[in-house]
Amino acid sequence: MNNDHQSCGGSLLELMVVILIVAIITMTTMPLLQNQIAAREIDSVARRFITHAHFARQQGLHLGEQVLLAPVTEAGWDAGWLVQSGCIAKEVQSSCTPQYWFSQGAIDPIFFKGGGRQFVDPHSQKRGILFNAAGAAKTGQGGFVANRLILGHERAPNLERQLILGSGGRWRICDPARDAKRCH
(Lines give C-alpha, C1' and ligand atoms only; values in the text may rest on other atoms or scores of the structure.)
Protein backbone atom coordinates (compact mmCIF):
# COMPACT_ATOMS: atom_id res chain seq x y z
CA MET A 1 0.00 0.00 0.00
CA ASN A 2 1.47 3.31 -1.10
CA ASN A 3 0.74 6.21 1.22
CA ASP A 4 1.37 9.48 -0.64
CA HIS A 5 -0.27 11.63 2.01
CA GLN A 6 2.12 11.40 4.98
CA SER A 7 1.77 13.80 7.85
CA CYS A 8 4.67 16.30 8.00
CA GLY A 9 3.62 18.41 10.97
CA GLY A 10 3.17 17.96 14.66
CA SER A 11 -0.02 17.42 16.48
CA LEU A 12 -1.74 20.11 18.49
CA LEU A 13 -0.66 18.36 21.67
CA GLU A 14 3.03 18.49 20.65
CA LEU A 15 2.69 22.21 19.85
CA MET A 16 1.13 22.87 23.26
CA VAL A 17 3.98 21.00 24.99
CA VAL A 18 6.58 23.11 23.15
CA ILE A 19 4.75 26.33 24.09
CA LEU A 20 4.54 25.16 27.71
CA ILE A 21 8.30 24.45 27.82
CA VAL A 22 9.09 27.88 26.34
CA ALA A 23 6.77 29.54 28.90
CA ILE A 24 8.44 27.71 31.81
CA ILE A 25 11.92 28.69 30.62
CA THR A 26 10.79 32.30 30.19
CA MET A 27 9.26 32.41 33.66
CA THR A 28 12.40 31.03 35.30
CA THR A 29 14.82 33.35 33.49
CA MET A 30 12.75 36.56 33.77
CA PRO A 31 13.91 37.47 37.32
CA LEU A 32 17.53 36.94 36.28
CA LEU A 33 17.03 39.15 33.26
CA GLN A 34 15.38 41.86 35.36
CA ASN A 35 18.28 41.78 37.86
CA GLN A 36 20.78 42.08 35.01
CA ILE A 37 18.91 45.07 33.60
CA ALA A 38 18.78 46.69 37.04
CA ALA A 39 22.51 46.07 37.53
CA ARG A 40 23.29 47.71 34.19
CA GLU A 41 21.09 50.70 35.04
CA ILE A 42 22.73 51.24 38.42
CA ASP A 43 26.23 50.76 36.95
CA SER A 44 25.44 53.29 34.22
CA VAL A 45 24.37 55.95 36.73
CA ALA A 46 27.42 55.19 38.91
CA ARG A 47 29.81 55.58 35.97
CA ARG A 48 28.09 58.78 34.84
CA PHE A 49 28.33 60.29 38.34
CA ILE A 50 32.00 59.39 38.64
CA THR A 51 32.70 60.74 35.15
CA HIS A 52 31.14 64.07 36.16
CA ALA A 53 33.10 64.04 39.45
CA HIS A 54 36.36 63.37 37.59
CA PHE A 55 35.52 66.20 35.21
CA ALA A 56 34.86 68.56 38.14
CA ARG A 57 38.21 67.61 39.68
CA GLN A 58 40.05 68.09 36.38
CA GLN A 59 38.37 71.47 35.83
CA GLY A 60 39.51 72.54 39.29
CA LEU A 61 43.08 71.60 38.39
CA HIS A 62 42.88 73.14 34.91
CA LEU A 63 41.15 76.40 35.86
CA GLY A 64 42.97 76.82 39.16
CA GLU A 65 39.72 77.52 40.97
CA GLN A 66 37.05 75.70 42.93
CA VAL A 67 34.59 73.52 41.04
CA LEU A 68 31.43 72.23 42.67
CA LEU A 69 29.57 68.98 42.05
CA ALA A 70 26.21 69.42 43.77
CA PRO A 71 22.61 68.20 43.68
CA VAL A 72 20.28 70.21 41.44
CA THR A 73 17.86 70.68 44.35
CA GLU A 74 18.24 70.80 48.12
CA ALA A 75 16.15 67.60 48.27
CA GLY A 76 19.18 65.50 47.34
CA TRP A 77 21.05 63.84 44.52
CA ASP A 78 18.09 61.81 43.17
CA ALA A 79 16.74 64.80 41.24
CA GLY A 80 20.09 65.07 39.47
CA TRP A 81 23.30 67.04 39.86
CA LEU A 82 25.37 69.70 38.19
CA VAL A 83 29.00 70.69 37.80
CA GLN A 84 29.63 74.40 38.28
CA SER A 85 32.61 76.73 38.56
CA GLY A 86 32.79 80.44 39.32
CA CYS A 87 30.79 82.21 42.02
CA ILE A 88 31.63 79.55 44.60
CA ALA A 89 33.78 81.59 46.99
CA LYS A 90 32.54 82.45 50.48
CA GLU A 91 31.88 86.05 49.46
CA VAL A 92 30.46 86.05 45.93
CA GLN A 93 30.62 89.25 43.89
CA SER A 94 27.29 90.53 42.58
CA SER A 95 28.77 90.67 39.06
CA CYS A 96 29.82 87.03 39.21
CA THR A 97 28.47 84.70 36.51
CA PRO A 98 28.57 80.97 37.28
CA GLN A 99 29.77 78.54 34.61
CA TYR A 100 27.64 75.39 34.40
CA TRP A 101 29.56 72.52 32.80
CA PHE A 102 27.29 69.50 33.12
CA SER A 103 23.84 68.80 34.41
CA GLN A 104 22.21 65.43 35.05
CA GLY A 105 18.45 65.06 35.40
CA ALA A 106 16.49 62.69 37.62
CA ILE A 107 17.86 59.15 37.76
CA ASP A 108 14.71 57.06 38.40
CA PRO A 109 14.52 54.11 39.14
CA ILE A 110 18.00 54.55 40.66
CA PHE A 111 18.27 56.44 43.95
CA PHE A 112 20.90 57.50 46.43
CA LYS A 113 20.33 55.69 49.72
CA GLY A 114 19.79 58.19 52.47
CA GLY A 115 19.34 60.89 49.83
CA GLY A 116 23.10 61.18 49.49
CA ARG A 117 23.35 62.97 52.82
CA GLN A 118 26.92 61.69 53.16
CA PHE A 119 28.37 64.71 51.35
CA VAL A 120 27.11 67.57 53.49
CA ASP A 121 29.38 70.43 54.47
CA PRO A 122 29.35 70.36 58.30
CA HIS A 123 29.61 74.16 58.42
CA SER A 124 27.10 75.30 55.81
CA GLN A 125 24.91 72.15 55.76
CA LYS A 126 24.90 72.30 51.94
CA ARG A 127 25.19 69.11 49.92
CA GLY A 128 27.92 68.82 47.37
CA ILE A 129 31.56 68.08 46.70
CA LEU A 130 33.89 71.01 46.22
CA PHE A 131 37.11 70.34 44.34
CA ASN A 132 39.80 72.95 45.01
CA ALA A 133 42.49 74.20 42.63
CA ALA A 134 44.72 71.29 43.70
CA GLY A 135 41.99 68.77 42.76
CA ALA A 136 41.30 67.73 46.34
CA ALA A 137 37.74 67.33 47.57
CA LYS A 138 37.08 69.81 50.34
CA THR A 139 34.13 71.24 52.21
CA GLY A 140 33.29 74.91 51.82
CA GLN A 141 35.19 75.64 55.05
CA GLY A 142 38.28 73.74 53.89
CA GLY A 143 37.71 70.43 55.69
CA PHE A 144 38.75 67.26 53.91
CA VAL A 145 36.01 65.09 52.44
CA ALA A 146 36.50 61.33 52.18
CA ASN A 147 33.20 59.53 51.97
CA ARG A 148 30.87 57.45 49.88
CA LEU A 149 27.51 57.61 48.19
CA ILE A 150 25.40 54.48 48.03
CA LEU A 151 23.18 53.80 45.02
CA GLY A 152 20.12 51.58 45.17
CA HIS A 153 17.53 50.40 42.66
CA GLU A 154 13.75 50.54 43.19
CA ARG A 155 13.05 47.24 41.41
CA ALA A 156 15.98 45.35 42.96
CA PRO A 157 16.17 46.22 46.68
CA ASN A 158 19.15 43.91 47.28
CA LEU A 159 21.22 45.63 44.58
CA GLU A 160 23.68 48.27 45.75
CA ARG A 161 26.73 50.13 44.43
CA GLN A 162 28.98 52.26 46.57
CA LEU A 163 30.74 55.26 45.05
CA ILE A 164 33.80 55.78 47.23
CA LEU A 165 35.78 59.02 47.17
CA GLY A 166 39.40 58.52 48.24
CA SER A 167 41.75 61.02 49.79
CA GLY A 168 43.22 62.28 46.50
CA GLY A 169 39.84 63.04 44.93
CA ARG A 170 39.75 59.72 43.08
CA TRP A 171 36.62 57.58 42.90
CA ARG A 172 35.91 53.89 42.67
CA ILE A 173 32.75 51.80 42.34
CA CYS A 174 32.29 48.97 44.78
CA ASP A 175 29.76 46.15 44.68
CA PRO A 176 29.36 44.88 48.26
CA ALA A 177 27.72 41.66 47.06
CA ARG A 178 30.90 40.70 45.16
CA ASP A 179 33.69 42.37 47.12
CA ALA A 180 32.66 43.22 50.68
CA LYS A 181 36.28 43.67 51.87
CA ARG A 182 37.06 46.30 49.24
CA CYS A 183 33.91 48.25 50.10
CA HIS A 184 34.99 48.99 53.66
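User: How many residues lie between S1 and S2 in the hairpin that they form?

Analyst: This is a predicted model, in which local features need pLDDT of at least 70 and side-chain atom pairs count only at pLDDT 80 or more, while totals for chains, interfaces and linings use all residues. Residues are numbered from 1 along each chain as its sequence is written, and side-chain values use heavy atoms, with hydrogens and water left out. Helices (H or I, at least four residues) and strands (E, at least two) are DSSP runs numbered from the N terminus; strand S1 covers residues 67–73, and strand S2 covers residues 76–85. In the hairpin formed by S1 and S2, the number of residues between them is two.

User: How many bridges join S1 to S2?

Analyst: Two strands count as paired if DSSP finds at least two bridges between them. S1 and S2 run antiparallel, and the number of bridges that join them is six.

User: Which residue in S5 stands opposite Leu 69?

Analyst: S1 also pairs with S5 in the antiparallel sense, over three bridges. Along this pairing, Val 67 stands opposite Phe 131 in S5, while the residue of S5 opposite Leu 69 is Ile 129.

User: Which strands stand at the edges of the open sheet?

Analyst: The sheet is open and has five strands in the order S3-S2-S1-S5-S6, with antiparallel pairing. Each edge strand has a single partner strand, so one side of it is left without a neighbour in the sheet, and the strands in this position are S3 and S6 (137–138).

User: How many of the seven residues of S1 are buried?

Analyst: A residue is called buried under 20% relative accessible area, exposed over 50%, and partly exposed in between (1.4 Å probe, protein chains only). S1 is largely enclosed by the rest of the structure, because the number of buried residues among its seven is five.

User: How far apart in space are Arg 57 and Leu 69, C-alpha to C-alpha?

Analyst: Arg 57 belongs to helix H1, and this residue is buried, with a relative accessible area of 9%. Arg 57 and Leu 69 are 12 residues apart in sequence, and from C-alpha to C-alpha their distance in space is 9.1 Å.

User: With which side chain does the side chain of Gln 104 make a polar contact?

Analyst: Gln 104 lies in strand S3 (residues 99–104) and is buried, with a relative accessible area of 13%. If residues up to four places away in sequence are not counted, Gln 104 touches several residues, including His 52, Val 72 and Trp 81, where contact means heavy atoms within 4.5 Å. A polar contact is a pair of N or O atoms within 3.5 Å; within protein, one must be able to donate a hydrogen and the other to accept it, and residues adjacent in sequence count only if both atoms are side-chain atoms. For the side chain of Gln 104 the distance is 3.4 Å, and the partner is the side chain of Arg 48.

User: How many residues apart in the chain are Glu 41 and Arg 155?

Analyst: A salt bridge is a side-chain nitrogen of Lys or Arg within 4 Å of a carboxyl oxygen of Asp or Glu, and the structure holds five of them. One of these joins Glu 41 to Arg 155, with the closest N and O atoms 2.9 Å apart. The pair links helix H1, where Glu 41 lies, to the loop between strand S7 (148–153) and strand S8 (156–165), where Arg 155 lies, and the two residues are separated in the chain by 114 residues.

User: What is the relative accessible area of Leu 12?

Analyst: Leu 12 lies in helix H1 (residues 12–63). Leu 12 counts as exposed, because its relative accessible area is 59%.
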